[in-house]
Amino acid sequence: MITYFNNKPRFDTFIEECLKALFAHEEPTGDIEITWMQHLGEDGNFAGLCNGTTEEVEISLATHYSLECGDRIPFCDQELASNIAHELVHARQFIRGEINSTDYYYKGKDYESFEYAETPWEIEAYMMEQVLVDLFWSTEC
Ligand SMILES: [Zn+2]
């Protein structure tokens with residue numbers, strides 16, 4: 001069973017629906033810990049990060065993003081939902097052992113020479129975040 005910790009309760013139902021869909025027909029075990037912070041990354045322009053093993057995954061999510069002028073803009077809830085969904089797809093990749101936090105292997109193949117957006121794990125995460133938001137997120141920004 002997948003357990004998770006998240007301290008923004010308005011996203012709990014969405015997270016649960018996403019996890020149910022992502023792990024349908026699987027009986028995985030794993031803990032997912034979601035930490036919210038104002039900013040991620042040196043320039044404050046990361047929306048989310050995910051790291052872990054097949055048993056434990058840590059997701060960090062930013063509530064704001066930074067403009068070049070330094071202004072900080074809050075993500076709206078729909079954007080946050082997409083960012084959550086994206087990182088949950090990476091969580092599944094870790095829990096399934098498809099990716100790991102030490103090298104660029106995905107399902108046994110080395111992707112070190114690939115651009116960020118062209119790696120199969122990012123392609124899957126960007127594609128699935130849209131699907132999950134369309135299916136399970138109901139309020140607009
Ligand atoms: Zn990603």
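Guide: A residue is called buried if 20 or more other C-beta atoms lie within 10 Å of its own, exposed if 12 or fewer do, and partly exposed in between, with the C-beta atoms placed from the backbone. This is a predicted model, in which local features need pLDDT of at least 70 and side-chain atom pairs count only at pLDDT 80 or more, while totals for chains, interfaces and linings use all residues. Residues are numbered from 1 along each chain as its sequence is written.

Visitor: Is Ala85 buried or exposed by that rule?

Guide: Ala85 is buried, since 27 other C-beta atoms lie within 10 Å. Ala85 sits in helix H2, where helices (H or I, at least four residues) and strands (E, at least two) are DSSP runs numbered from the N terminus.

Visitor: Which residues does Ala85 touch, leaving aside those up to four places away in sequence?

Guide: Two residues are in contact if their C-beta atoms, placed from the backbone, lie within 7 Å. On that basis Ala85 touches Cys18, Met128, Glu129, Leu132 and Val133; Glu129 is 44 residues from Ala85 in sequence, yet their C-alpha atoms are 4.9 Å apart.

Visitor: Why can H2 be described as largely enclosed?

Guide: Of the 19 residues of H2, 15 are buried, so the rest of the structure largely encloses this helix.

Visitor: How should I read the packing of H1 against H2, and at what angle do they cross?

Guide: Axes are lines fitted to C-alpha atoms, for helices over the stretch in contact, and angles run from 0 to 180 degrees between N-to-C directions. Here the axes of H1 (residues 12-22) and H2 (residues 77-95) come within 10 Å and cross at roughly 35 degrees. Phe14, Ile15, Cys18, Leu19 and Leu22 in H1 meet Ala81, Ile84, Ala85, Leu88, Val89 and Arg92 in H2.

Visitor: What is the general idea behind such spacing along a helix?

Guide: An α-helix has 3.6 residues a turn, so residues three or four places apart point the same way.

Visitor: What is the strand order of the sheet?

Guide: Two strands pair if DSSP finds at least two bridges between them. The open sheet of four strands has the order S1-S2-S4-S3 with mixed pairing, and its edge strands, S1 (2-5) and S3 (48-52), each pair on one side only. Strands S2 (residues 30-37) and S4 (residues 56-62) pair in the parallel sense over seven bridges.

Visitor: Where does H2 lie relative to these strands?

Guide: H2 lies across S2, S3 and S4, and runs at about 160 degrees to S4.
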